[in-house]
Amino acid sequence: MAVKGKGKRTAAARDQPAEKTEKLLGTGSIDVPSDPEELSDNGSDNTEEGDFDTMLQEMADDQGFGSDEPEDYAGQSDDEESIHSSDIDGASSSDDDGASADGDSEESIHSSDIDGASSSDDDEASADGDSEEADSDDESGPLLERTASRTTDGHDTAVDSNDEQGGEAFDGQDLEKLTIRDFGRDLESWKTYRKTLPQIDPGYASDSSTEEPANTIGNVPIEWYADYPHIGYDIDGKRVMRPATGDELDKFLANMDDPDVFRTARDETNQQDIKLSEEEIDIIRRIQGGSIPDADYNPYEDTVEWFTSKTMQMPLNAAPPSKASFTPSKWEHKRVMKIVRAIRQGRITRPAAKDSEPQYYDLWANAKQAEDGSTSRSRHQRLAAPRLPLPTHAESYHPPKEYLPTEDERREWLEADPDTRKSNFLPQDFESLRTVPGYDRFIQERFQRCLDLYLAPRMAKKTTNLDPEELVPKLPDPRDLRPFPSAEALIYAGHTGRVRSISVDPTGLWLLSGSDDGTVRLWELVTGRCARIWNLKETVHKVAWCPSLDVCVFAAAVGSRMVVVIPSELCDSQKLLVSEELVRAGFGAAAGGDDEDEDDTLPISWDMPTSAEQATGIQIAVSMRAAVKSVVWHRRGDYLATLTAEEGGGSVLVHQLSKHKSQRPFRKLKGAVQGVRFHPTKPWFLVATQRYVRIYNLVQQQLVKTLQPGVKWISSVDVHPQGDNVIVGSYDKKLSWFDLDLSVKPYRSIRYHKQAIRQVQFSRKFPLFATASDDGSIQVYHGMVYQDLNQNPLIVPLKILRGHEIRNSLGVLDCLFHPIQPWLLSSGADGTIRLWT
């Protein structure tokens, strides 16, 4: 397509070489129409919208390039120079095959169409060799005089041609910041140039602060549109339809396939899932961490003195002072002269100097007065006089008849001593207030009133208005502290007497119980089935499994003996062999005479059981002088301690099962011993007497500390599995919690039972402990011990379990937690054992 036009050629343009022309054109050129009508005809074919050409035409008219120019480009002569160029699509001007149709020479392009110069010489004209010369020296078109085209990324743009060095000036210009003013009337070039610009991504990451929202319902809850197929309205008032959403399964599958599911936020207004950018995720993390959302914000920047703190030496304005400021004031002169005359006449004198009073230091002044330097003695707070009681009906001048005394009452009042009278007056009845005479004792009563106020001591009572709910400690909800035993699950029935003791084996599958009927029963814990019965014919005070998992042995306190039993039906061959070696190894050691350290004065004998007892599984019988009340195992399973009814230091004995040795750790003990315990982690031994709990170090053989519960009679004691806390139960209904690192006095004392506490027990796995009482109830508590020494233990009452019957003023005698599950077992005077889960 050829471009025709006229223009004046300058001297600078003549010097432009053809290489400069080809460099500016690049790989294509743009037709510059010379007819305004041609602009409107050709523009409509290349635009995406029909009104875009009209808009560009109006913009060109506004800039002074409209059709009202005085020059008419429609009547240009046919003898103007012809410029062969490629079409608007950016085809090259034939470096490779740019010859013209006749093939004689390359296409020549007039420099007037490239950089605003006039038409070229004859030898640069067209390829057919004709010496057509442009006669553009006489007249020139305004369009080509103002603009010329240059190539930008394969498309021609326009520059100002009034500058003789327009090409060189345009080389440093930012091509991405061209406007329509740079193209002049070349609207086709402007449209083509706009297509080369990068597209604006209208996505979520772009700046949408000035965009109109798709859904314009504003601050309206989206739930209001739940029953409609649309979710709101756009800016034109059209409905915004609800996007299709799947069920929860579809959402789950989509989330599993989407790696960015954790970076997605839900836009409830537009019902869309929006992927958050890294900047937005960083802002959210900063807000969650309590930091400033802006990562570039520096809170410690130097202070900028917007208003300077330095005193200005010059005034704010430079206006010259007025003449009145130099003239003395007449009124000030009169005022000064008036004061001078008063001083001369003696009406104004200097005040006399006051004598300085001696300063004394107030020893009883408070700190505030000492700081202020005040020497005035602090006065006591004024106490208001108590108010007189209001008059009653009897003091009325016209009282009711029932308040008037009878003759006998009047005579009795007159005969009585004035100090013993109930009142210092007799009620009288008057018809009106005018007839009431003066009170003859008014002066005396006022005088007595003044004496009372002057002589009677008074003090101000400070009362605090406290809400009773504020005194109750804030405890967590028991439902948040689960699991803990709360319901009765199973009853083990079979004993005919009181069940004094129960014990669970380390595996948690079997349960032992000892009763007053002289039997020890073995129960299957889960089903409640009685697996075996040992009839020992005496009262069984205590049964205890060995805590070691390597052996299967239990001990029972029967009368004045302690028997050691191996239930062979519960052991495999390996465990049975280890258990028998542990129990029978002591007989060989005793026969070999390896008993140098044994105390021969102890009334204890390790005997072989009878054949009948051996048939039932009894391996050893340890005979003592008095009845055995308690048996406690050491955590390693080789040592055990017994407590007998004997008085003095011989009541507590420590036995070694593997060597059949017994020792008496204490020669003398103060008070009757109520219970003993081995410490779970240290070589300590706890001895609970009637009023104190003494802790001894068995290795160093010395007293560590003495706990003072402050109760009258201790019944039981237990140690926390971590070893730093001890609970003590007493017969006077009180439970004491001790923190061994804190003090020898109770950290917390609890008294919720109505009768004596028989047993206290810690759970070995869960933060729970329980108390059993003669009132037939078991109280379960949450006792959390923290590793942080600065945080006190948390004690929360959880549940009261009731189910045992009270017989002969005895209720629950023993309680025990399951070693693995959060279960509780209890035995009572009613002969039953109950499982609480």
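This is a predicted model: local features need pLDDT of at least 70, side-chain atom pairs count only at pLDDT 80 or more; totals for chains, interfaces and linings use all residues.
Residues are numbered from 1 along each chain as its sequence is written, and side-chain values use heavy atoms, with hydrogens and water left out.

Colour by secondary structure and you get 17 helices and 35 strands; these are DSSP runs numbered from the N terminus, helices being H or I with at least four residues and strands E with at least two. Buried residues make up 37% of the 837, where buried means under 20% relative accessible area, exposed over 50% and partly exposed in between (1.4 Å probe, protein chains only).

Now select S579, in helix α16 (residues 573-591). Its relative accessible area is 0%, so S579 is buried. Beyond neighbours within four places in sequence, show V551, C552, V553 and I566, which S579 contacts.

Next, the salt bridges: there are 18 in the structure, each a side-chain nitrogen of Lys or Arg within 4 Å of a carboxyl oxygen of Asp or Glu.

- Pick K191 and E188, whose side chains pair at 3.2 Å, N to O. The two sit three residues apart in helix α8 (residues 187-196), so about one helical turn separates them. K191 is buried at 5% relative accessible area, and E188 is buried too, at 12%.
- Move to D408 and R411, with their closest N and O atoms 3.0 Å apart. They are also three residues apart, about one helical turn, in helix α13 (residues 407-415). Here D408 is exposed at 51%, and R411 is partly exposed at 44%.
- Then take R500 and D516, bridged at 2.5 Å, N to O. This pair links distant parts of the chain, 16 residues apart: R500 is in strand β8 (residues 499-504), D516 in the loop between β9 (510-515) and β10 (519-524). R500 is partly exposed at 31%, as is D516 at 26%.
- Also select E488, D830 and R834, which salt bridges with shared partners join into one network.

Last stop: R335, K338, R341, R344 and R347, a positive surface patch. Patch residues have over 30% relative accessible area and no salt bridge, with like charges joined within 9 Å and nonpolar side chains (Val, Leu, Ile, Met, Phe, Trp, Tyr) within 5 Å. Of these, K338 is found in helix α11 (residues 330-345).

Notes
Accessible areas come from the Shrake-Rupley method with a 1.4 Å probe; for residues, only the protein chains shown count as cover. Lys and Arg count as positive and Asp and Glu as negative; His and the chain ends are not counted. The place of a charge is taken as NZ of Lys, CZ of Arg, CG of Asp or CD of Glu. Contact means heavy atoms within 4.5 Å.
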